[in-house]
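Please look through the structure below before reading the explanation.

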Amino acid sequence: MTGHHLLVHDGTFAVVTDCGDITGARGASPDGLFSRDARHVSRWQLALEGSPPELLVAAGQAGPDRPLAAVLTPPGRGHEPPAYTVFREQAVADRSLAERIRLTSNRPVPTTARVTLTVDSDFADQFELRSDHRAYDKTDAVRTAEARPDGVAFGYERPAPGGEPEWHSRTVITAVPAPDAVTHRASGTTRTLEWQVLLPPHGSGEIIVQACALPSGTDGEPPRLQPPATASASLWTRGRLRPMPKGHVMGVPGDLAALAASGVISPEGLARIEREGELAPTEVGEDVAVGAYVAARLGREVVDRLVEPLLGGVYAGDAYRISMRAAVPQLFEAARTHRSLVEGVRELQSRVGADGPGAPVFMGIDGGVGRLPLAVADACRAAGVEVVTGAVVQRLSLVAGEPASVAPSVGGPPSVESSSVEPPSGSGAGARRGTSSGGERAGFVPGFPPEFVRRPAGAPRHTPSPPSAAEGSESSSGVEGFESSSVGEGSESPVAVERSESSSGVERSESSSVGEGSESPVAGERPQSSSGGGGSGQTRARRASGAAGWEVVVREVGGGSRVLLADGVVLAVPASEAARLLGPNSPAAAGELAAVEYASMALVTLAFRRGDVGGLPEGSGFLVPPVDGRTIKASTFSSRKWGWLGGDESGLFMLRTSIGRFGDEADLKREDADLVRISLDELRAATGLAARPVATRVTRWDGGLPQYPVGHLARVARIRERVAELPGLRVCGAAYDGVGIPACVASAHAAADGLWATLAEDAGPGERE
């Protein structure tokens, strides 16, 4: 090994060896994961087949959106080549180190790889690790290690004279899949996580491990990724629950034997599918509707009984309108490159099979995906960002020079009366955009590097990934699963704003992100002001000289208004809100945005006593094809699907139904009690469940899911082309590149990166920070 490598994210950093290990070194070159002033991981050593791996390619090429990577092999055995190769990737986010261990078999037969990771946390103070061997009296300190089903939790407590904890830090290490064993094979708190990974012939497997540092005073734990507890789902069609057939891509079959055994398709429909190979190739052109193309190749039954319920689970839309290129890019590529659609699906399935089981396509968050925005908000606050909820973004105006309508407030942010703020004259055309202030933008969502979120083979980064057969049941709900829940949509989404103080007391916004809907929360970062040339002074100088910027008028709780001045703005709002805000500045972009349609839906959550649901069928739930004429479109047996609900000590069993499809939303006009009654009636018909719930809740998502009709990607390109003509503005969210959380996160990264690069590029030499 030749040296060490440094990974940094704000106040968190990690030092690892060439092969990605942490050895617990002290002295001139200590390694470890550090947060605040303590080392939270002091040992992180990978072993293959019980021995340290051999280094093939040393770690390198780390960057803001690129993890540190090393290539390893098991120890050599004479002249026999290694059975598999290991690709080890690492990244640091807020108070965490994430690692992906990918194993690729080099053999034509199944191979089992034994992988172990030995970990420890010594919580050593940075001063203790120096080469001068400083030491402190900590004789009363207690270190602990607790094995958990998915990893290990380390604790450090130093008592005060009264017996109360004076200092209580933790380090939590979790893994997906969970280790087969967590053992204690050395003195102290060292623990070893062990996996037996079955690799198919020339296939691969994957392990993701994350270490989260929880310094003293940190409340709770960061959200942990967790796969579904069960992977089986059903279709309620033709009068009963039928198993979801295996071997399909968004309902388009590749395994005809499994399809026939399911009973979902009639004998006539199966015969129609088998004749597909006799058809002449069908051109897909630039785009085509999923339903129309599949019906032409395989018959309407496949669309009505399989594609519609699965695709509707993601978009609550109409398969005969939804763009194949935008919604199912893998299927679009198969249709474009194969004479037979069934053969194209079989090839896609064979690629997935060659990769092995690996990590699950879908992941949830321990405790529910609702923890994610709270964790993001906490991370923002920890970085000095102000989060304001209940604020309405009234107007977004491109300005040149210093707007005259801003009145500073004594002891607080500037405020104006709504009636006193008029759109400033001048478009700022040709003016330079300003620079951004504050720290370097992180390349990773806190605790969840997007590079470590698995996407099916062939799925581009900015497109939605189709659900597996087990996951379609409520994938459009916005509450469960990373691949299918939308982020950045709705009425309570954040507005991120970086601000600094001007000498006059009027806040100068360096960059901002306007949040969702009519009740858009506002988040603002307030960097330390600096005399003699900080971001705020540069912004004032540019505004005074006529440089372009943005004025964001926000109505706050209580009716007062405030004005935020920004060099850059990211609009993370539904298309209709983006159209309203951009109308005065870009009518062309606003017109395209206004044409984006949305579907509404409702979730009916039912809580039963566990003893009353004993006869409920196995699996995670079921989908309902629209052709069967039911009101509910899906049901998720939540307490079966997610482990954190299955282990709940309340004695309750949680179950959900979803109602509402694009173009068929009449049922959503019913009262909540009616939706509960209908759900119970149809659950009884589908499953025989006759129990009465002890609690119910109806959650409505009005206009929550954007529709991706044929031509959607072309429309998005036109929107972005027009938006790019406005200085310092970007758009992102579910209306553009995919409705799933990973797609929305990727869209946000692209918008922020593009805006940051543009502002830095247009800044003068003396203005760059």
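This is a predicted model: local features need pLDDT of at least 70, side-chain atom pairs count only at pLDDT 80 or more; totals for chains, interfaces and linings use all residues.

Residues are numbered from 1 along each chain as its sequence is written, and side-chain values use heavy atoms, with hydrogens and water left out.

Helices (H or I, at least four residues) and strands (E, at least two) are DSSP runs, numbered from the N terminus. Helix 15 spans residues 712-723, twelve residues in total, and its first and last C-alpha atoms are 16 Å apart. This is close to the expected 16 Å, the expected span being 1.5 Å times one less than the number of residues.

Which residues of helix 15 are buried (under 20% relative accessible area, with a 1.4 Å probe and protein chains only)? They are His712, Val716, Ile719 and Val723. These residues lie on the same side of helix 15 because they cover an arc of only 60 degrees around the axis, taken from the directions from the helix axis to the C-beta atoms. An α-helix has 3.6 residues a turn, so residues three or four places apart point the same way. Among the elements covering the buried residues of helix 15 are helix 5 (324-327) and strand 36 (729-731).

Turning to the loops, proline 177 sits between strand 13 (165-176) and strand 14 (181-183). The peptide bond to proline 177 from valine 176 is cis, with omega near -5 degrees.

Methionine 250, in the loop between strand 20 (248-249) and strand 21 (252-253), has a positive phi of about 50 degrees although it is not a glycine. Methionine 250 is buried, with a relative accessible area of 2%. Arginine 238 also is not a glycine, and has a positive phi of about 55 degrees.

Key. Buried means under 20% relative accessible area, exposed over 50%, partly exposed in between (1.4 Å probe, protein chains only). Contact means heavy atoms within 4.5 Å.
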